[in-house]
Amino acid sequence: MHQPFAAEGDRAALSVEIDPRVEAAARQFFKLPDDPRIVIRHGDGADFVIESKQRYDLILVDGFDAQARTGRLDTLPFYLDCRARLADDGLLCVNLLSRRK
């Protein structure tokens with residue numbers, strides 16, 4: 001079985017999730033481990049990006065709700081804020097697929 005962060009030293013993952021039920025589902029159905037290097041904050045990802053002063057090696061955006069809406073996560077200001085939070089060689093990955101036809 002794959003183990004997150006195996007032999008990776010001080011690497012960490014921070015997830016910002018607006019719906020706490022998503023974390024519960026990840027723990028129950030996908031065996032999200034209790035690991036101090038995995039930090040989950042409950043809140044709005046767009047607000048987090050604005051308020052954060054940290055720089056990140058990777059920002060992954062996957063923000064669809066049950067109705068396939070993304071809210072502020074599909075706006076130019078949001079992506080400009082993401083760019084400002086990326087490390088010089090950072091990477092932004094975005095899920096653009098939805099259930100809409």
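Trainee: How many helices and strands are there in the protein chain?

Mentor: This is a predicted model. The protein chain has three helices and four strands. Their order along the sequence is β-α-β-α-β-α-β.

Trainee: What share of the residues in the protein chain is buried?

Mentor: Of the 101 residues, 21% are buried. For contacts with a separation of 6 or more, residues 24 or more positions apart account for 72%.

Trainee: How do I read a pocket, and what is the volume of the largest pocket?

Mentor: The general idea is that a probe the size of a water molecule, rolled over the atoms, shows where empty space is left. Here the largest pocket has a volume of about 1,500 Å³. Two or more lining residues come from each of β1 (13–17), β2 (38–42), α2 (45–51) and β3 (56–61). With six residues, β3 gives the most to this lining.

Trainee: Which residues lie nearest the centre of the largest pocket?

Mentor: Leu14, Ser15, Val16, Leu60 and Val61 do, out of 40 lining residues. By class, the lining holds 21 nonpolar, seven polar and 12 charged residues.

Trainee: Now single residues. Is Glu23 buried or exposed?

Mentor: The cut-off for buried is under 20% relative accessible area. Glu23 has 17%, so Glu23 is buried. Glu23 sits in helix α1 (residues 20–29). Setting aside residues up to four places away in sequence, Glu23 touches Ile40 and His42.

Trainee: Why is Asp44 called partly exposed?

Mentor: Partly exposed covers the range between the buried cut-off, under 20%, and the exposed one, over 50%. Asp44 is partly exposed because its relative accessible area is 25%.

Trainee: Where does Asp44 lie, and which residues is Asp44 in contact with beyond its neighbours within four places in sequence?

Mentor: Asp44 belongs to the loop between β2 and α2. Beyond those neighbours, its contacts are Val16, Ile18 and Arg72. Glu17 is 27 residues from Asp44 along the chain, yet the C-alpha atoms of the two are separated by 6.8 Å.

Trainee: What lies 2.7 Å from a polar atom of the Asp44 side chain?

Mentor: The backbone nitrogen of Ala46 does. Taken together, Asp44 is a loop residue between β2 and α2, with a side-chain polar atom 2.7 Å from that nitrogen of Ala46.

Note on methods
Residues are numbered from 1 along each chain as its sequence is written. This is a predicted model: local features need pLDDT of at least 70, side-chain atom pairs count only at pLDDT 80 or more; totals for chains, interfaces and linings use all residues. Side-chain values use heavy atoms; hydrogens and water are left out. Buried means under 20% relative accessible area, exposed over 50%, partly exposed in between (1.4 Å probe, protein chains only). Contact means heavy atoms within 4.5 Å. On a 1 Å grid over the protein atoms alone, a cavity is a set of points where a 1.4 Å probe fits but cannot get out, and a pocket is an open set with protein on both sides within 12 Å along at least five of seven lines; lining residues have an atom within 4 Å of a point. Grid points are joined across faces, edges and corners, and a volume is the space filled by probe spheres set on the points. Ala, Val, Leu, Ile, Met, Phe, Trp, Tyr, Cys and Pro count as nonpolar, Asp, Glu, Lys and Arg as charged, and the others, Gly among them, as polar. A polar contact is a pair of N or O atoms within 3.5 Å; within protein, one must be able to donate a hydrogen and the other to accept it, and residues adjacent in sequence count only if both atoms are side-chain atoms.
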